[in-house]
Structures are given as C-alpha cells and as structure tokens.
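Welcome! Please take a moment to look over the sequence and the model shown here, and then read on for a short tour.

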Amino acid sequence: MAAPAKTTVDDASSEGTADQRREFDRLIEADMRVEPRDWMPEAYRKTLIRQISQHAHSEIIGMQPEGNWITRAPSLKRKAILMAKVQDEAGHGLYLYSAAQTLGIDRETMFEQLITGAAKYSSIFNYTTPTWADMGSIGWLVDGAAICNQVPLCRASYGPYGRAMTRICKEESFHQRQGFEILLELMRGTDAQKAMAQESVNRWYAPALMMFGPPDEDSPNSQRSMAWKIKRFSNDDLRQRFVDMLVPQAEVLGITLPDPDLKWNEERGHYDFGPLNWDEFYEVLSGRGQANAVRVARRKQAHENGAWVREASRVYADREAAERETTQRMAS
Amino acid sequence: MNHSNHVVSTAITAESIADSSVVAPEAVAQYALGLGDDALVLAHRLGEWIANAPELEEDVALGNIGLDLLGHARSLLTYAGTAWGQSEDDLAYFRGEPEFRSRQLFEQPGGDFAATIARQLIASVYFAELYRALSLSTDPTLAAIAAKAVKEVDYHVDHSVQWLRRLGLGTDLSHERMQRGLDLMWPFVGELFQPDPFATDLDGIAVDPERLRLAFDSLVPRLIVDAGLTVPTMAAAQGGGRIGRHSEALGPMLAEMQVLARAHPGATW
Ligand SMILES: [Fe+2]
Ligand SMILES: [Fe+2]
C-alpha cells in the first residue's frame, strides 16, 4: 500500500513545505481532523502507526486470557456473553489494523512485528487468568481502564483513528458492565464465589491502574502526543479519573480495593491512592510477566497454522478475478 | 399444555421462553433435548477456534456461527427443561455423557481448518433443512425457535460453501486437506438421517430426519464436485448419539465444559 502522505511539491523531504506545515498546524489548532490524504509530519505519522498498531495488537493478544474460559464458562448465558466479547475484541483489532493501514503500513507487516516481538502490546495481557472471576475483573477493571484511556481518543486528531475508537468505545462499555455483572453475581453467591471474586480483584487492581502508563514526569512521549492532540489527558489525570470511578462501584459490589491508602480527599475533590509498584510494571513490560512468551507464541502459532488457508484464499481470489476479466473481455 | 404466552418468532430467546409460562409436553421435551444437544455440542466446538483462526475475519465468522448455534441450543434446552422444572444449565452442565443425545458429527474435534469446514458444511445444510421443516411444526414454540434459526443457518451454509470452494480450488495443499476433512467427517453423515427415537410419535410436531436426506443428497455432493473434490464413499459409522452412544471425543469435551459448574453445585453465575 502506498504511503498516503503524498508530497506533490519539489521539496519531498518529510519536513514538508512551509504551506503544508502551516495547514497541518491549522487543522490541529482548530481541532479539525487530519485525514489520510492530508500532508502530515513524518513523526506524527510514525507516532500514530506505533500507537494504533500497538492498540490493535493489544486487542488481539487480549483475546487469549479471556478465550481461556470460553470452553469452561459456568453457564450458557455467560458462555454466550464471553464468546461475543472475545469476538468483539477481534473486531476491534480489525478496525484498528484498517486505521493503521491508511497510514501506509500493511497488516502482514504489523503481524510480523507482533510475532517477532518487535512491536509492543498492552502488558496487562501478560497476566494470567487462573479463575473464572478473572473474567469479571478483566471486564470491570481492564475494559474499564481501557474506556478511560480511549474515550478521549474518539476525538484524536487523526480521522480514521478517532472514528475507529468511537465504534470500539461503545462496545467496551458493554464489556465493562458485563464484567461488573460477573463480579456482582459472584459477590451475591456462595462464600467460595465471594472469595474467588475478591482474590481476583486483588490481583488485577494495581496492574489495571498501571495501564495508564508511567507517572507524567516519567513519560516524555506523552507531552508531544498531547500537543498533537493524539492524546488529550495525561497518564496521571486519567488514572485519577479511573480511581474516582471505581470506588463507588466497588462499594456496590461489596469488594475491597486492595489499597490501604485509598481515601477521599475533600480538598482535592478526588480519592487519594497509594504508590504503585512500577518495578513490577517494567518487569512485565520487559518480558518477565507470567505469560509474555506464551501469548506471542500462541499468536505466532495461530498465524503459521493458518498460512496455508490464507494462501489458498489468495490463489482462489486471484484466479476468480482473472476468470472474470477473461469473461468480460470476451463479452466486449 | 399452555402456549398462551409464547413469544413472537423473531424475538424468541432462552430468556423469553424461561419468562413465559409455556410448558413443553413430555414427548416434545424429549425431542427438543436431542436437538438442543446437537446445537450445544457444535457451538462449543466452534468456540474452541476463537483466538486460533487462520485470520481475524474467521475468528469473527466462526464466533458468529458458534453464537447463533449456542442461541438455538439455549432456546431448545430451556424449552425442554420446562417439562421437568430444569434450567438450560441443569441440562447442559449436570448430565453425564451417556445422557447427552447429540449426534456424533457435532462432537468430532475440529482438527485443522478444513476439517472444521467439512463438519460445518454437513451440519449447516442439515440444520437448514431441519429448521425449515420444523418451522412448520404445530408446536408453536418449536416452530418459533426454528423460524428464527433458519435465517441464521442459511448464512452458515454460505460461509461453508465459500470456504469449501476456496480450499478445494485453492492450492494443492488446501485441496488435499479439504478432501481429508471431508473424508474424516463423512462417516458421520448417515447418522443425521437415521430415525430419531424421540420423534416417532410426534406427527406434525417433530421432523422425521429421513425426510431431509433427499435435499442433502441433491445439494452437498454437487457442491463437493463443483469445488473440484471427490464425494467420499466411506461407510457410515454406527451412530447412536440419540441413545447416548458417543465417539471418544465427547467425554473429554464435556469434562472441560462442565468442570467449573460442577465444582460449585447450586451456584448461580
Ligand atoms: Fe477491545
Ligand atoms: Fe473489551
């Protein structure tokens, strides 16, 4: 696929002409959308490719920890909801790969980057799902954090990304509600079920908070993304917003959030919360999580196992197209 | 028999059946149970593909088909359960292998993608004929479930036929695997059309499976030949799924499916 950042002027450098730069700045300034046909700085394009493809990879890898329970879901209703959810995540991956493709990278290349470990995905999915309650925690906390992160992205300056996010966010809010319902049902159930729910939330709470990324002072890239209006709120702002949203929901559930420092701060109008273990975050990020190797290996295997199917599909489609063309030529 | 509360056909779901006051007559419940098991077992098998499919579009497509089948299973099992005061989950999770009545095709492991397509082609054409006939049943609930299902199953047939052609006419390798998939699944075709022991005294209510054979035979072999493949000739396996006789594949599948529910008897989820 050709790079859509077309440079029609003599100055073909990625810096663009003064006019092009001015037009780009005007679009950003006016909160308008940058579309694939528009000129954009190379660094903007690269940042978007990295962010959108990472996001797509996260959706795809995220299918695994939940896919783990489709065959063991404890009721047919939950089985149906879980199947639909994991399938939604595949759909999210598809929308996002398509959005990234408008920036001049193809799906095969992005897949390659994922399975060779060159590209990152959200490290939350390197945690494992040993219990059914983890389906509740992932929905409530992980999809919940994803929504806080992603709702502002619906207004991202790059058009195809913003539009993909609008579709995705609608479904993510269903996911969060379904996760909440799973936990609610457990908390209304037997002692064993309650214990299962609490134990699971204990494991997922802090990793979910870390999904917003490192504290602002340690996150140099996010300043530039905010200036470009790819990102609209800082990591710490989003994290605060998430905690403020969780506390009342945890009360409804009757679940304890595992943070002794969590308390309402009248002055700030927000909940205060304790420090997070960023060493663990960087451990998982650098590949020493519970399941890093397994997740990538599993994706690689599915991709390789399917190679002969995709090849057959391609050969068949090419032949059909050639035959159609011959028929048309003979008819005309 | 009380059908006064039965819901309109387009909206019928397990929930709407459970919320209504409909009670299946004993013989109808026995019949619906077998149909529900067929759909449930195949839905579970398709669920195994999610996150493992050859391309993302197929994760979505196989998931869709599985979800449709799971919907049919839930409606049929819920309806059957009304006769005995049992829920869909009582029936799905707390019956053992010999009590399952699914026909053996549905429990066959998916194997490679071609084997899954072969299984799905046979199943979808069978379901399409079955539900088309069953939508005329004089039992309004069965008719409503079938009328809803038939629209969905027609799409499943399309999906399988497209893949049959792509794999049959694609590369040498895909052709070989598609043929092997058909050969693997073909012994289980015969059983689908054997008499259903629970359908015998239900004139006008149940569908006699033998009636569906002609439509299947006039369609599927032609599709196979059109895809450049050979119609398998291997003999039919003995069958017996309806009376609880299964291949070796069902036991491990149920062990996995039921493990959590059985660890917490009486719990709701
Ligand atoms: Fe998603
Ligand atoms: Fe989600």
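A salt bridge is a side-chain nitrogen of Lys or Arg within 4 Å of a carboxyl oxygen of Asp or Glu. In this predicted model, Arg107(A) forms one with Glu57(B), and their closest N and O atoms are 2.5 Å apart. The rule finds 1 salt bridge across the interface of chain A and chain B.

The elements of chain A that give two or more residues to the side touching chain B are α4, α5, α7, α8, α12 and α13. Of these, α4(A) gives the most, with 14 residues. By class, that side of chain A has 25 nonpolar, 9 polar and 11 charged residues.

Here are some values for the two chains together:

| Interface of chain A and chain B | Value |
|---|---|
| Residues of chain A in contact with chain B | 45 residues |
| Residues of chain B in contact with chain A | 49 residues |
| Area buried between the chains | about 4100 Å² |
| Share of that area on carbon and sulfur atoms | 67% |
| Residue pairs in polar contact | 15 residue pairs |

Now for the metal. Which residues coordinate the iron ion (ligand 1)? They are Glu59(A), Glu89(A), His92(A) and Glu172(A), at 2.0 to 2.2 Å. The angles among the 4 donor atoms run from 83 to 141 degrees, and the site is irregular. Glu89(A) also coordinates the iron ion (ligand 2), which lies 3.4 Å from the iron ion (ligand 1). Because Glu59(A) lies in helix α2 of chain A and Glu172(A) in helix α7 of chain A, the pair ties together parts that are 113 residues apart in sequence.

Conventions: Residues are numbered from 1 along each chain as its sequence is written. Chains are lettered from A and ligands numbered from 1 in the order in which they are written. This is a predicted model: local features need pLDDT of at least 70, side-chain atom pairs count only at pLDDT 80 or more; totals for chains, interfaces and linings use all residues. Side-chain values use heavy atoms; hydrogens and water are left out. Contact means heavy atoms within 4.5 Å. Buried area is the accessible area (1.4 Å probe) that two parts lose on being put together, summed over both. A polar contact is a pair of N or O atoms within 3.5 Å; within protein, one must be able to donate a hydrogen and the other to accept it, and residues adjacent in sequence count only if both atoms are side-chain atoms. Helices (H or I, at least four residues) and strands (E, at least two) are DSSP runs, numbered from the N terminus. Ala, Val, Leu, Ile, Met, Phe, Trp, Tyr, Cys and Pro count as nonpolar, Asp, Glu, Lys and Arg as charged, and the others, Gly among them, as polar. Donors are N, O and S atoms within 2.8 Å of the metal (3.2 Å for Na, K and Ca); water is not among the atoms, so sites may look incomplete. Four donors count as tetrahedral if all angles lie between 85 and 135 degrees; four count as square planar and six as octahedral if opposite donors are over 155 degrees apart and all others between 65 and 115; anything else is irregular.
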